[in-house]
Amino acid sequence: MVIVLVTEPEFRRAPEAFESAPVRCIATSPDEASLSAAIVEHGARYVVVGSVKYVGKLYDTLPRGGVIARFGVGHDGIDKQKATAAGLFCTNTPSVLDESVAELAILLLLAAARRLPDLTAEMRAGTWALGPAGIELRGKTLAVIGSGRIGQATARIATLGFGMRAIGCRRTSVAGDTTPFESVTTDFGAAVSEADFVSLHLNAEPANHRFLDRERLALIPRRAWLINTARGSVVDEQALYDALTSQRLAGAALDVFDREPYVPVDPSRDLRTLPNVVLAPHVGSHTTEANRGMAERALQNVIRAEARDFTGMDVVNPEVLNRRQP
């Protein structure tokens with residue numbers, strides 16, 4: 001039977017899917033040395049991994065034609081150049097987690113709008129007080145930065161569910177129907193100029209590193225909240241901290257961070273100390289439905305690789321198709 005090594009955190013998220021698969025799935029430690037040793041021990045060609053960064057030994061250990069199947073969409077922890085040079089397929093699991101991440105973005109937006117973290121803290125402290133009023137979402141403007149599948153799903157919930165205006169922002173212009181967005185622009189400043197909330201949905205490619213820097217933060221209205229369920233690396237966290245403490249930005253609701261588990265980029269600028277920040281530990285895709293979907297999609301990529309159905313795989317390093325063994 002085909003053996004697939006699955007890193008332990010990912011195995012625990014969807015054990016039924018992995019245990020009932022038509023391949024033998026073995027849970028293993030996610031650190032690179034242990035994973036590489038397990039590949040040798042079991043003679044494995046296929047691994048399913050999470051967001052841990054792999055820098056060297058994994059690519060030297062997996063045999064040519066093997067698969068590094070990402071349990072999720074983002075694949076910035078995988079060195080595609082090294083994998084391609086080693087003849088390894090890298091795959092991800094597009095579309096199966098879109099709704100889960102979009103729903104979390106809306107949850108964070110709602111928590112910000114109605115001051116939910118503050119109210120919870122006050123209740124836990126025995127305080128019964130209305131405090132500052134929240135705001136309704138109807139008629140408010142949501143700027144969606146990165147209008148791919150998850151950005152579109154977020155905009156759809158915001159517009160159809162809450163009567164918000166959604167403005168999309170993307171690198172390249174689009175022609176024709178822009179639904180669910182009222183409009184789509186390539187100009188970040190124009191997208192956020194009237195925003196009450198700014199939701200990030202960018203991938204972690206090098207061009208997006210610290211995309212939201214001091215200059216772009218300065219373009220966002222003071223009343224607006226930042227929502228980030230994408231990748232922490234797309235935000236300059238020091239600049240964000242300064243904007244929040246200087247009241248240049250109303251608040252931030254964050255599910256992702258530059259370093260995870262969260263460690264402040266600057267110890268003197270710890271986002272956890274700020275009252276106008278809502279925090280979650282990267283749980284955007286952590287729902288029963290998305291976990292099962294990611295497990296099944298990752299295994300589907302492995303099974304198709306075993307059947308040499310390469311065109312049916314979710315390959316994120318297509319150059320490898322020219323390097324595989326005949």
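**A helix and its surroundings**

Mentor: Start with helix α11. Its buried residues are Glu237, Ala239, Leu240, Tyr241, Asp242, Ala243 and Leu244. Keep in mind that this is a predicted model. The list covers 7 of the 9 residues of α11, so the rest of the structure largely encloses this helix. What do the buried residues of α11 pack against? Their partners are α10 (214-217), β10, β11 (251-254) and β12 (277-279).

Now step back along the chain. A loop runs between β10 (225-228) and α11 (237-245), and Thr229 lies in it. Is Thr229 buried or exposed? Its relative accessibility is 8%, so Thr229 counts as buried; the cut-off for buried is under 20%. Look at what touches Thr229, leaving aside neighbours within four places in sequence. Val101, Leu104, Ala105 and Leu108 are among its contacts. Leu200, His201, Asp255 and Val256 are in contact with Thr229 too.

Next, turn to a sheet. It is open and has 5 strands, in the order β2-β1-β3-β4-β5, with parallel pairing.

Follow the pairing out from β1. It pairs with β2 over 5 bridges, in the parallel sense. It is joined to β3 by 3 bridges, and these two strands also run parallel. In β3, the bridge partner of Leu5 is Val47. Further across the sheet, strand β4 (residues 67-70) runs parallel to β5, and 3 bridges join the two. There, Ile68 has Cys90 of β5 as its bridge partner.

Helices lie over this sheet. Helix α3 (residues 32-42) lies across β1 (3-7), β2 and β3 (46-49), and it runs at about 165° to β1. Helix α12 (residues 288-306) lies across β1, β2, β3, β4 and β5, and it runs at about 160° to β4.

Which of its residues are buried? They are Glu32, Leu35, Ser36, Ala38 and Ile39. These residues cover an arc of only 160° around the axis, which puts them on the same side of α3. Their cover includes β1, β2, β3 and α4 (57-61). On the other side of α3, Val40 and Glu41 are exposed. After α3 comes Gly43, with a positive phi near 60°.

One more strand residue is worth a stop. Ala143 sits in strand β6 (residues 141-145). With 0% relative accessibility, Ala143 counts as buried. Not counting residues up to four places away in sequence, Ala143 touches Ile167, Ala191, Val192, Ala195, Phe197, Val198 and Ser199. Ile220 is 77 residues from Ala143 in sequence, yet their C-alpha atoms are 9.9 Å apart in space.

Finally, see the whole chain. It has 12 helices and 12 strands. Along the principal axes, its C-alpha atoms fill a box of roughly 65 × 50 × 35 Å. A compact globule of 326 residues would have a radius of gyration near 20 Å, and the chain agrees, with 21 Å. Of the 326 residues, 50% count as buried. Among contacts with a separation of 6 or more, 63% come from residues 24 or more positions apart. The accessible surface of the chain comes to about 15,400 Å², and carbon and sulfur atoms hold 52% of it.

Terms used:
Residues numbered from 1 in each chain as written. Predicted model: local features only at pLDDT ≥ 70, side-chain atom pairs only at ≥ 80, totals over all residues. Heavy atoms only, no water. Pairing = 2+ DSSP bridges. Helix = DSSP H or I, 4+ residues; strand = E, 2+ residues; numbered from the N terminus. Contact = heavy atoms within 4.5 Å. Axes fitted to C-alpha atoms, helices over the stretch in contact; angles between N-to-C directions. Buried < 20%, exposed > 50% of the residue type's maximum accessible area, 1.4 Å probe, protein only. Arc of directions from axis to C-beta. Rg over C-alpha atoms; globule rule 2.2 N^0.38 Å. Areas by Shrake-Rupley, 256 points an atom, 1.4 Å probe, with all protein chains shown as cover.
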